[in-house]
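This report goes through parts of one model, element by element. Please have the sequence and the 3D view open while reading.

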Amino acid sequence: MKSDFNKATAISDGQEASKSGYKVPFGTVSITSKAKKLIDEAIERRWLTKGKYVREFEEKFAELFGVKYGIAVSSGTDADAIACAVLYDFGAQRGDEIIVPALTFVATGNAVLQAGFTPVFVDVERETLNIDPKKIEKAITPKTRAIMPVHLMGKPAAMDEILSIAQKHKLYVIEDAAEAHGAQYKGKKIGAIGDMACFSLYAAHIVTTIEGGMLITNNEKMAEAARSLRNHGIDGKFQFKRIGFSAKMNEIEAAVGLGNIEIFHDILEKRRANVRHLIKAFARFDQYFWCLKEEAHEVLGPHAFSIVLKPGVNFTKDEFVTYLEKQGVDSRNLFYSIPTQTQSYQFMNHKLGDFPQSEYCSDHGTHIGCHQDVGVVQMDYVVKVVEDFLKSKG
Ligand SMILES: Cc1ncc(COP(=O)(O)O)c(C=O)c1O
């Protein structure tokens, strides 16, 4: 599909990128001329809350990901929380458990709690940064209702193993695909593998509505429950059947999303080219770092490029990221082990050391941007900065 992507984002040489003050900024938003036109029309119509653009966006998003239903919401966190709450229509009780990876953005754990469930954390694999399927079964109890894998950095979690555990124990699978738009696992689209999948449409992601989220599913009853839950649990005209959320998407956000869907493949290819360039170039630093990898069974839907310091290197993560920052390369910490490194989760009484791989990745890991407003020139710049840093360390 051809589009006004190049015009919309000035992608090729980082003109937009430089506006952030960083030479290699972390995130970007592509607002196309189609989106601008739709926004103007919505303002003219004076109908700005959920309406025809939201419906059209839901249909197109579901089509793009090869599923039947899309339910647009206010954020990825709301999509996660609503997906959990849908399970009350399927036999779950408040206080039941949902298994999540320990290393992910805090929103995954928060959403489970917001929906009235208890998150049960499982450590990740250091190489993939995703939930370690070998450790899931030990975490299952009679109260477990679902497994919620996260495809961190746009790298698919081990879905075959996860689905087979879920089947064996009669659990639902909710994919947190917030960071994995366009990723594929063994030829299947991420988001179309579990019972439900949740996307963040926040500015840093491939399809963005600036702020927003999307829940997708092939299950009609789940879709119906999710639609009700995003609107206070409504059922019929002003009747309320479920304890719901106030999480509707508005027309302006949907207009931005419709514009983004038109350039989805362009953005995806640009991000893939950037990340593949980095993967190849970082191979020369193999003795220092574990980095994001793409394996034969998968295609990445790149969110960002992760870099984890290997044991025994003669520098700290802080020294490394401070150097990157000074050279104009923006970065983010590689999240935290939610149960043991996030203050708000102290109430769960886990102790440092309970999730060693997640804690290691957090202590030694960072991630940098590879989005559509940067290109090979910026990626080469990052490589040069890293090379200079390593030289300075002898
Ligand atoms: C893995 C993961 N889950 C959930 C979310 C929450 O999304 P949002 O910020 O749109 O609420 C994010 C945010 O990017 C995320 O990275």
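## Contact of H5 with H6

In this predicted model, Gly76, Thr77, Asp80, Ala81 and Cys84 are the residues of H5 that meet H6. On the H6 side, the contact is made by Ala107, Thr108, Asn110, Ala111, Val112 and Gln114. Sorted by class, the residues of this contact are five nonpolar, five polar and one charged.

## Geometry of the two helices

Two packed helices are described by the angle between their axes and the distance between the axes. Helix H5 covers residues 76-86 and helix H6 covers residues 106-114. They pack at an angle of about 45°, and their axes are 8 Å apart. H5 and H6 are therefore oblique to each other. The crossing in which H5 passes H6 is right-handed.

## The sheet

Seven strands form an open sheet with mixed pairing, in the order S1-S10-S9-S6-S5-S2-S4. Strand S1 (69-73) and strand S4 (118-122) are the edge strands, each pairing on one side only. On average, and with direction ignored, neighbouring strands of this sheet are turned by 25° against each other.

Strands of a sheet pair through backbone hydrogen bonds, either parallel or antiparallel. Strand S9 (residues 196-200) and strand S10 (residues 213-217) run antiparallel and are joined by five bridges. Within this pair, alanine 197 has isoleucine 216 in S10 as its bridge partner.

## A helix on the sheet

Helix H9 (residues 220-230) packs on the sheet, where H9 touches S1, S9 and S10. The direction of H9 makes about 15° with that of S1.

Note on methods:
Residues are numbered from 1 along each chain as its sequence is written. This is a predicted model: local features need pLDDT of at least 70, side-chain atom pairs count only at pLDDT 80 or more; totals for chains, interfaces and linings use all residues. Two strands pair if DSSP finds at least two bridges between them. Helices (H or I, at least four residues) and strands (E, at least two) are DSSP runs, numbered from the N terminus. Axes are lines fitted to C-alpha atoms, for helices over the stretch in contact, and angles run from 0 to 180 degrees between N-to-C directions. Two residues are in contact if their C-beta atoms, placed from the backbone, lie within 7 Å. Angles under 35 degrees count as roughly parallel, over 145 as roughly antiparallel, 65 to 115 as roughly perpendicular and the rest as oblique. A crossing is left-handed if the near helix is turned anticlockwise from the far one by less than a right angle, and right-handed if clockwise. Ala, Val, Leu, Ile, Met, Phe, Trp, Tyr, Cys and Pro count as nonpolar, Asp, Glu, Lys and Arg as charged, and the others, Gly among them, as polar.
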